[in-house]
Amino acid sequence: MIFPTVQFALFFAVVLPLSWALMPRQRLWRPFILAASYYFYAAADWHYVFLLAGSTVVNQLAATVITRQDSEKVRKTALITAITLDLGTLGVFKYLDFFSDSVSGSLGLSLGLLHLVLPVGVSFYTFQAISYVVDVHRGRTPLAKPLDYAIYASFFPHLVAGPIVRASEFVPQLSGPRDPNRIPAARAFGLIAGGLVKKTVVADMIGTKLVEPVFGTPEAHNGTETLMAVYGYAVQIYCDFSAYTDMAIGLALLLGFRFPDNFDRPYTARSLQDFWRRWHMTLSRWLRDYLYIPLGGNRGGTPKTYRNLMLTMLLGGLWHGAAWTFVIWGGIHGVGLAVERAWPAMPFAIRIPQLVKATAARILTFHVVCLAWVFFRAPDLGTAFAVLGRLFADGPSTGIVTPAIVFIIAAALAVQWIPRGTGARLREAFVTLPVYAQGVSLGVLLLVIAAVSGGQGVAPFIYFRF
Amino acid sequence: MSEEPLTTARQAGRVIRIALATALLLNTAGVVRAGLGMQPGPTRDVLLAFAHPLDTIAGALDLNRPRTSLDAMLGHPDSLTGDGHRTHLEQDADRLQPVAEPPPTTPGVPAANTSATAPTTDSTPEPRLAPVGAAVRHATADDPLRILVTGDSLSDFDGLQLARLVAADHLPAKVRVQARTGTGLTQPSVFDWSDEAAQDAAAFDPDVVIMVLGANDGWPLHGADVGSNAWNAEYSRRVEAVSRDFIAGDPQRRVYWVGPPVPRSAPWIHIFARINDAVRAAVPNVPGLRYVDVAGPTSDHGHYTDYLTDAAGHRVLARQHDGIHFSFPGSVFPARIILAALRGEYTLG
């Protein structure tokens, strides 16, 4: 079940009023929201409900041992066991067949494949589970009640594709009934409607009409089309992924819960470091707190800092999938971050006027990010290099770069430069409308979105694969 | 707390109800269609139980007009076809002569190929060859062959790999790939391939249509169980109808219908084998329709295999996790089969 479908609309139309009706009776609300979340997850594939439940039990057990045992040795053993099982699960589902295939290919063996379908959302809830047991071990978050932890692990708005919410952000919100009189509904509607538009109007259209043809057959397209497809993919992946997390945040708000933001106008970034503070922010901080800093962060001198940066980005790349394209994607970001860190110390670093510097930095950052996206998008290295090679190719146009496509790409990038207060002013204006006008205007927007998608349904979200 | 404008959960719920009611009333045909596309189950039943009468009322009150106007404006004519009336595919199929129910093949063992495939050693009797359409035109570098690869998700990678082969060999052909993911012939209320074929023929004027379909066709047809002889006969008529819709107006146009590969698991092994039977049975009835068998050549003696060996002797992981689709590298195998079939009819250098 994905958000922009009739099935989900029906599901949410039932769950939302029931959730608020039961909210004052927490003993009923907790099992209800847990059951609703498991139902949501089972709609994708009921078999993997057991995996989610198993992960919940294992990590809560580990957190309990960590909290209740005095012996550091026992606490550490519980922590390592939980992390090993978490990562083992990821390894089995994401990497085992890749490993088996690689070994078979290089050694001429026939190891066979497990053919496991990647459970939807496994990366996201596994990362949340790891952050929970680690934070409990570090003493940064208290042991949650079992039912609270189960709700946190499975809460349906964030279950499938994030944002990666920490226990310390979510579990305290379960301490009592949410206040039904303090719902930022206008913000929620804005996030959900904006997400729908980003997904169906922008991401799916650019993906189908521009990106897929060029990345499918780079040889058939000239430099202009290839460049537009590279820019187009930057817009597509942003609109696709941020659409999902925007909707997740909006749905949670309607249920009375707050999630951290996951995107903050990433293509306005002035550096790669700035980009990672704006892109998939909940993953960035996860990688920082549970990988980069435990590796030593910047505490071991310059060489080790660069090593840790590279390792973090390479592993971040591999998290997306077992393929060299993802490794190179992470590598480009790792090298870029290292260069940025080294730049001020370089003897040839030039002094440039601030305005020029800022503009050039933004343009350069955007293009480095786009370069990395080529590897992220391409199905294999050969295609990635073919796309890059076609950037300077002559040849006739195939007509895929239409004014409408150019307009959508330009508009999607330009929107990131709209001043921050604009959204708040729109929301303030929206809430001054009578209730029926708010409802009708949202209903008409839904109709337009349905018409734009042309009855084709919604393409799967890109990040469901991860 | 933030300075966000706040409201009550009750009021938010009211806005949502009004929004959903508005969207529903103005888009009942779309909701019916979405319901028909769902997997069978209580959610689908409940949705359709409400959506059908609403659609009737909305139709009588002309409430669907905003949606149809939007569709026309956006170039999506006929995107809404509720099941209150027969779809174009069903109407087109109804106009055709009933076909003989094709004999079933053994599940997992592909039947013999027909005119457009590489030879196999299978002993199934050779069916009649397709009637020959008008002579095909000669493709040149200045006037390349226009190839449209379409169908369901199976068509996507096949088409992309075919385009790569064409580009790598500098063949006088232009390949356009347009996958309609999640579609098939068994649910025309959800996606009507007759409409799509007519639109594609008009929009792209292809010389050749490569149709790769079957991954979503596990649905009964007119009450006939999936894979039964009656089901197969109706499926075959629909193949014929869609092929005729593609070819209409251009007797030089060819449709190369690519059957699905051998899948890993039941019930798809049986269903895909029957779909291949049905396509093969339609071939004799349509001048210009060709059947391309990828199931046999990409199987291990008729059985599913993950790996295939390429011409250089390298083992390639050819299938995806689902045991149905080809992987991207593996799609080169069906693409080569398709290209070989095209070379049998066209001079491509």
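This is a predicted model: local features need pLDDT of at least 70, side-chain atom pairs count only at pLDDT 80 or more; totals for chains, interfaces and linings use all residues.

User: What is the hand of the crossing where H19(A) passes H4(B)?

Analyst: The residues that meet are A:Leu447, A:Val448, A:Ala451 and A:Val452 in H19(A) and B:Pro66, B:Arg67, B:Leu70, B:Asp71 and B:Leu74 in H4(B). Seven residues of this contact are nonpolar, none is polar and two are charged. The crossing of H19(A) past H4(B) is right-handed.

User: Which helix supplies the largest share of the side of chain A that touches chain B?

Analyst: In total, 49 residues of chain A are in contact with 52 residues of chain B. On the chain A side, at least two residues each come from helix H1 (6-22), helix H4 (72-107), helix H9 (185-216), helix H18 (421-431) and helix H19 (435-453). The largest share, 14 residues, comes from H19(A).

User: How many residues of the side of chain A that touches chain B are nonpolar?

Analyst: That side of chain A includes seven charged residues and twelve polar ones. The nonpolar residues there number 30.

User: How are H1(A) and H2(A) oriented to each other, roughly parallel or roughly antiparallel?

Analyst: The axes of H1(A) and helix H2 (residues 26-42) of chain A come within 9 Å and cross at roughly 165°. The crossing is left-handed. Angles over 145 degrees count as roughly antiparallel. H1(A) and H2(A) are therefore roughly antiparallel.

User: How many residues of the contact of H1(A) with H2(A) are polar?

Analyst: H1(A) makes the contact with A:Phe11, A:Val15, A:Leu18, A:Ser19 and A:Leu22, and H2(A) with A:Leu28, A:Trp29, A:Phe32, A:Ile33, A:Ala36 and A:Phe40. Ten of the contact residues are nonpolar and none is charged. The number of polar residues is one.

User: How far apart are the end C-alpha atoms of H3(B)?

Analyst: Helix H3 (residues 42-60) of chain B has 19 residues, which at 1.5 Å a residue should span 27 Å. The model agrees with this, as the end C-alpha atoms are 28 Å apart.

User: Which helix of chain A is included in what covers the buried residues of H3(B)?

Analyst: The buried residues in H3(B) are B:Leu47, B:Ala51, B:Asp55 and B:Ala58. Chain B contributes helix H1 (9-25) and helix H2 (28-36) to the cover. The helix from chain A is H1.

User: Which residue with a positive phi follows H3(B)?

Analyst: The phi in question is near 65°. The residue that follows H3(B) with this positive value is B:Asp62.

User: What percentage of the residues of chain B count as buried?

Analyst: The secondary structure of chain B comes to ten helices and seven strands. Among its contacts between residues at least 6 apart in sequence, 75% join residues at least 24 apart. Of the 349 residues of chain B, the buried share is 50%.

Terms used. Residues are numbered from 1 along each chain as its sequence is written. Chains are lettered from A and ligands numbered from 1 in the order in which they are written. Two residues are in contact if their C-beta atoms, placed from the backbone, lie within 7 Å. Helices (H or I, at least four residues) and strands (E, at least two) are DSSP runs, numbered from the N terminus. Ala, Val, Leu, Ile, Met, Phe, Trp, Tyr, Cys and Pro count as nonpolar, Asp, Glu, Lys and Arg as charged, and the others, Gly among them, as polar. A residue is buried if 20 or more other C-beta atoms lie within 10 Å of its own, exposed if 12 or fewer, and partly exposed in between; C-beta atoms are placed from the backbone. Axes are lines fitted to C-alpha atoms, for helices over the stretch in contact, and angles run from 0 to 180 degrees between N-to-C directions. Angles under 35 degrees count as roughly parallel, over 145 as roughly antiparallel, 65 to 115 as roughly perpendicular and the rest as oblique. A crossing is left-handed if the near helix is turned anticlockwise from the far one by less than a right angle, and right-handed if clockwise. The expected span of a helix is 1.5 Å times one less than its number of residues.
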